[in-house]
Amino acid sequence: MFKIILLVFSFNPVFGYFTIPGRCPDNVELQEDFRLADFYGKWYQAYHYSSDGQQLNNCSTIELMTRPSGIYVNQSRVDLGLFHRFSVGKLDIPSKIEDAAKLDLIFVFKNAPRRLKTRKYPFRIMATNYNYYATVYTCQYSQLIDKHAIYVWILSRHPTLNAVSKELAIKPLQQIGVDAATLVKDDRSHCTPKYYEDVHVEPTTFRFPVPI
């Protein structure tokens, strides 16, 4: 009986995160002739969409940076206006030029069980003009319950996104079944943490398809 209870509790996060029936959308058109070098630097999350309804990624920024071991993406956020949190993943770059926008992020968790230490997530560039806006999404599928989870970033080079850039950024969303009306605008009124404590945490924008 005790084992059954533990099993139920371990599955609960999977059922909560993965809410959209079926597999991830396929044949999604990504940014043509994507140039990673022009995508470098800091981006502000202007709007976001999380299919599980969680709003844990406010005041988020994404920044590409180079380290001796490769190119990394630093995703930071402010929790409840109080704490600064960040997650750093290594960018896995496709070998084929035509797949340049089909990026992945690899996160390593030293204290996790062996099978969960390294986790790889899609990080797909749907659209960008490099100077003003970018549309990025990730999707994870849980074979356990035959459902998937989607997170969308509408990014801006500035803390606010102008109306024209927003219209261009939301155009591709219909491909992945996301209604632009469901996008959540980031509230940037509490983006300076009261307690500036840098803590490296697991990202809230990706969902692992097995119980952790």
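Let me start with a question: is histidine 148 buried or exposed? Histidine 148 is buried, with a relative accessible area of 5%. I call a residue buried when its relative accessible area is under 20%, exposed when it is over 50%, and partly exposed in between, using a 1.4 Å probe and protein chains only.

Two remarks on conventions are in order. This is a predicted model, in which local features need pLDDT of at least 70 and side-chain atom pairs count only at pLDDT 80 or more, while totals for chains, interfaces and linings use all residues. Residues are numbered from 1 along each chain as its sequence is written, and side-chain values use heavy atoms, with hydrogens and water left out.

Histidine 148 is located in strand 9. A polar atom of the histidine 148 side chain lies 3.1 Å from the backbone oxygen of arginine 23. The criterion for such a polar contact is a pair of N or O atoms within 3.5 Å; within protein, one must be able to donate a hydrogen and the other to accept it, and residues adjacent in sequence count only if both atoms are side-chain atoms. Not counting residues up to four places away in sequence, histidine 148 touches a set of residues that includes Arg23, Cys24, Ser51 and Cys139. Contact, in this talk, means heavy atoms within 4.5 Å.

Serine 51, one of those residues, lies in the loop between strand 2 (41-50) and strand 3. Serine 51 counts as buried, at 14% relative accessibility. Its side chain reaches the backbone nitrogen of isoleucine 150 at 2.9 Å. Leaving aside neighbours within four places in sequence, the contacts of serine 51 include Tyr17, Thr19 and Ala149.

Which cysteines does it join? Cysteine 24 is joined to cysteine 139, with an S to S distance of 2.1 Å; the criterion is a pair of cysteine sulfur atoms within 2.5 Å. The count comes to one disulfide. Cysteine 24 lies in the loop between strand 1 (20-21) and helix 2 (36-39) and cysteine 139 in strand 8 (residues 133-142), so the link ties together parts that are 115 residues apart in sequence. The link is left-handed, with -95 degrees about the S-S bond. Cysteine 24 is partly exposed at 23%, whereas cysteine 139 is buried at 7%.

I turn to the nonpolar cores. Such a core is a set of buried Ala, Val, Leu, Ile, Met, Phe, Trp, Tyr and Cys residues joined through side-chain atoms within 4.5 Å. The largest has 26 residues, and those with the most contacts inside it are Phe34, Phe39, Leu91, Phe123, Ile125 and Leu155. Among the elements that each supply at least two residues of this core are helix 2, strand 7 (118-128) and strand 9 (147-156). A second, separate core has 19 residues, including Ala46, Tyr49, Tyr133 and Tyr137.

How many salt bridges does the structure hold? There are three, where a salt bridge is a side-chain nitrogen of Lys or Arg within 4 Å of a carboxyl oxygen of Asp or Glu. In one, the closest N and O atoms of arginine 35 and aspartate 38 are 2.4 Å apart. Another pairs lysine 120 with aspartate 92 at 2.8 Å, N to O; lysine 120 is in strand 7 and aspartate 92 in strand 5 (residues 83-92), 28 residues apart. Aspartate 104 and arginine 124 also meet in a salt bridge, at 2.9 Å, N to O. Aspartate 104 lies in strand 6 and arginine 124 in strand 7, so this pair ties together parts 20 residues apart in sequence. Both aspartate 104 and arginine 124 are buried.

Finally, helix 3. Asparagine 162 caps its N-terminal end, with a side-chain oxygen 3.2 Å from the backbone nitrogen of valine 164. Ser165, Ala169 and Ile170 are buried in helix 3. Seen down the axis, the buried residues of helix 3 fall within an arc of 125 degrees, so they line one face of the helix; the arc is that of the directions from the helix axis to the C-beta atoms. What covers these buried residues includes strand 8 and strand 9. The face turned away from the buried side carries the exposed residues Ala163 and Val164.

Methods. Helices (H or I, at least four residues) and strands (E, at least two) are DSSP runs, numbered from the N terminus.
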